[in-house]
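I opened my notebook to look up a few things in this model. Here is what I wrote down, one entry at a time.

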Amino acid sequence: MAIKLIVFDVDGTVVDEDHYTVPEENAAALKEARSRGIKLAIASGRTWSILTEVAEQVGGVDYAIMSNGAAILDVNTGERLFEKGIPPAQSLAVMEVLDREDLPYEMYCGGQNYVALEMKDRLRDGLLSPAFGDMFVKRMTVVPDLREALNGRDMEKINLFYAPVEARARIREALLKTGPLEISNALEGNMEFTYGGVCKGTTLERLARCLGISADEVMAFGDAGNDVEMLRWAGWSFAMENGSEAAKAAARAIAPPNYLGGVGRTVRKYVLEQE
């Protein structure tokens, strides 16, 4: 059966080790696939404000599954096809837990990532690479007070940049008392929070159903814990060689590592060279 939708994670998957640059092998293969009528979708823990430059390097994508599945953006029209965020009262409760731990975090809302002014300087040293850091600082929205700026709005995701090993169980226990919550990670040490039941897998299934595409017509790539459900659902799923054991166990096959253009090599082998 022909592939009609290719969906790919960002960090550890379609970008290089700097978490910013899309290898030419990936960009060329994905661009060619799109020219043949195959739809492209990013599925990332990031929100749109920090996905746009990746999409531009790829040469254009059709859909963005953002914030670990909390929203779907039709990139061509700007329409949001789906949204399911953490309700305001629960978001406040989550923030109270994280504030007690005195750890820097960011809030994803309406396609933007918000950072409190008091946390801004604490984030810079922990960013993934100079290239990613420059992009992140340029794209983030800094506000004096997160509660005031986001009052009454649902949160796509709340991202804790780093949680010490000794604090993770305590944080998890406290957060699960706030209400339905999905807790995952895309990077070693971080913790990401979306509303209960929200993940890349269920949202990819929703997008495919909207497009009239079956799981067997979807090729998916990922590397981390927040990709597991997506890799299990897609008929053609590939974990990156550099990926986590959980991702590899969920996928149907292994792709070459991200830093060797593994997405592009796999698309070329199983899609472009088969037509």
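Entry 1, pocket lining. I sorted the lining residues of the second largest pocket and got four nonpolar, seven polar and five charged. My classes: Ala, Val, Leu, Ile, Met, Phe, Trp, Tyr, Cys and Pro are nonpolar, Asp, Glu, Lys and Arg charged, and the others, Gly among them, polar. The lining has 16 residues, and Gly-12, Ala-186, Leu-187, Asp-223 and Asn-242 lie nearest the centre. A pocket here is an open set of points on a 1 Å grid over the protein atoms alone where a 1.4 Å probe fits, with protein on both sides within 12 Å along at least five of seven lines; lining residues have an atom within 4 Å of a point.

The model is predicted, so I kept to its limits: local features need pLDDT of at least 70, side-chain atom pairs need pLDDT 80 or more, and totals for chains, interfaces and linings use all residues. Residues are numbered from 1 along each chain as its sequence is written, and side-chain values use heavy atoms, without hydrogens or water.

I counted 15 salt bridges, each a side-chain nitrogen of Lys or Arg within 4 Å of a carboxyl oxygen of Asp or Glu. Lys-200 pairs with Asp-227, with the closest N and O atoms 2.6 Å apart. Which residues are linked with them in a network? I found Asp-9, Lys-200 and Asp-227 joined in one network of salt bridges. Lys-200 is buried at 0% relative accessible area, and Asp-227 is also buried at 0% (buried is under 20%, exposed over 50%, partly exposed in between, 1.4 Å probe, protein chains only).
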